[in-house]
Amino acid sequence: GPIVGPLVDRFGARPMIIFGGLIASLGFILLHWVDSYWAFLLIFLGIVSTGKSAGLGQTLLSAVNRWFVRRRSLAMSICITGFSSGGAFILPLITLGVHTIGWRDVMLYSGIFMALVVVPLGLMVRHSPESMGIAPEGVNQGGTPATPRKGGPSAPRTVGADPDYSVREALRTSTFWVLLVATVLRVTLWGAVSLHSVEMLAWKGVERETAGFLVSLMFFLSIPMRLAAGVLGVRFPLQPLLCGGMMAAGLAVVSLLLVPGHLAVYLFVILMAVEQGGSTLNWVALGNFFGRASFASLMGLMSACFNIGMLLSPIYAGWIVDRTNSYALVLVTFAPLYGLSALLYLVMRRPVPPLRTPPLAGQSAAQARIDSPMQQRGQRAGGPSPRD
């Protein structure tokens, strides 16, 4: 993440999508011929995962973030819904292929298919609207916000004229750190819940086959939830929507603890689908607060943190269950953490834009940027309060 992010911000999404897609395709094709476990690990972790990280995820979201401003929430929700929908519809085909022609041929054909698809689609992506002589969606050609459509006054303030933050400027704001901690908590908890969800439902007395179906249903339900969150994010502030998603997740784990019978299972599936829908707005907030220029770099820094949590939380949950034969302690631990994440999302505020001054005679641009924070602090002392 931290390596790919600056490359995307500097060179644009198109070369990274094509490069990453071809690298991942090559890895899938090579897996067709592996004959040892260590070779499988080397290719999957070293080639497939590298290509996936370079060409998907933050790279695609960065492209969307550069093109959309006023309706960024809806655009990102559609993009992220594509991730879920692809898995929902392609996974059954892969499963069928593994049981008919074997996993080796599935790897080979998957690699060929990805290469044939990713190159023409990647070539359609442009670095930015400005590179084509047009303004981003929702911003007039002069850089001012476009006039909202009917009902627009109730929409959250999404101003294209606000300056783009550099990575250093973003790291100096408290907003970034609040968003980072809230995101780390959210993704860390989801890492354990998503991996252990079938076993959690089985712990509540559901047959494992039925539990697997219910977890699949949860992912399917998250698709319309994401789209709904995207629509709401265009018209309403993001903070209460993100807070509501985390509260839904907290209620989901509490239901497994306190609600008897299968009702707890149904509540868990529905409420976790709501959480997954609202989580889409996490990256909308990053784009709304810090602009377009350094989005991929900031997302890469955040991913370096939350992926550590996403790695450790399933191990923690498994360790507890192996020793207690119960998910009760795991759920008791997760519930207040969801509450803390909800609170952090709720108290987030849009940061005060950095005040930048042009270099004076004999002053370098770097020195002007150093002086700007001092002037900004003086402005804050007597200026208006930060905007929501």
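Which residues make the nonpolar surface patch? I started there, keeping in mind that this is a predicted model.

**Entry 1, the patch.** I found Phe89, Ile90, Leu91, Ile94, Val98, Trp103, Phe213, Leu217 and Phe220, making up about 830 Å² of nonpolar surface. Then I checked where these side chains come from. Two helices, H5 (72-100) and H9 (208-235), each supply at least two of the patch residues. H5 gives the most, with five residues.

I picked isoleucine 94, which sits in helix H5. Its relative accessibility is 34%, so I put isoleucine 94 down as partly exposed.

How many salt bridges does the structure hold? I get two. In one of them, the side chains of arginine 292 and glutamate 130 meet at 2.4 Å, N to O. I looked up where the partners sit: arginine 292 is in the loop between helix H12 (281-290) and helix H13 (295-324), while glutamate 130 is in the loop between helix H6 (103-123) and helix H7 (167-171), so this pair ties together parts that are 162 residues apart in sequence.

Is arginine 292 buried or exposed? Arginine 292 is buried, because its relative accessible area is 13% and the cut-off for buried is under 20%. Glutamate 130, at 42% relative accessibility, counts as partly exposed.

I logged glutamate 199 as partly exposed, because its relative accessibility comes to 32%.

Note on methods:
Residues numbered from 1 in each chain as written. Predicted model: local features only at pLDDT ≥ 70, side-chain atom pairs only at ≥ 80, totals over all residues. Heavy atoms only, no water. Patch = residues over 30% accessible without salt bridge, like charges linked within 9 Å, V, L, I, M, F, W, Y side chains within 5 Å. Areas by Shrake-Rupley, 256 points an atom, 1.4 Å probe, with all protein chains shown as cover. Salt bridge = Lys/Arg side-chain N within 4 Å of Asp/Glu carboxyl O. Helix = DSSP H or I, 4+ residues; strand = E, 2+ residues; numbered from the N terminus. Buried < 20%, exposed > 50% of the residue type's maximum accessible area, 1.4 Å probe, protein only.
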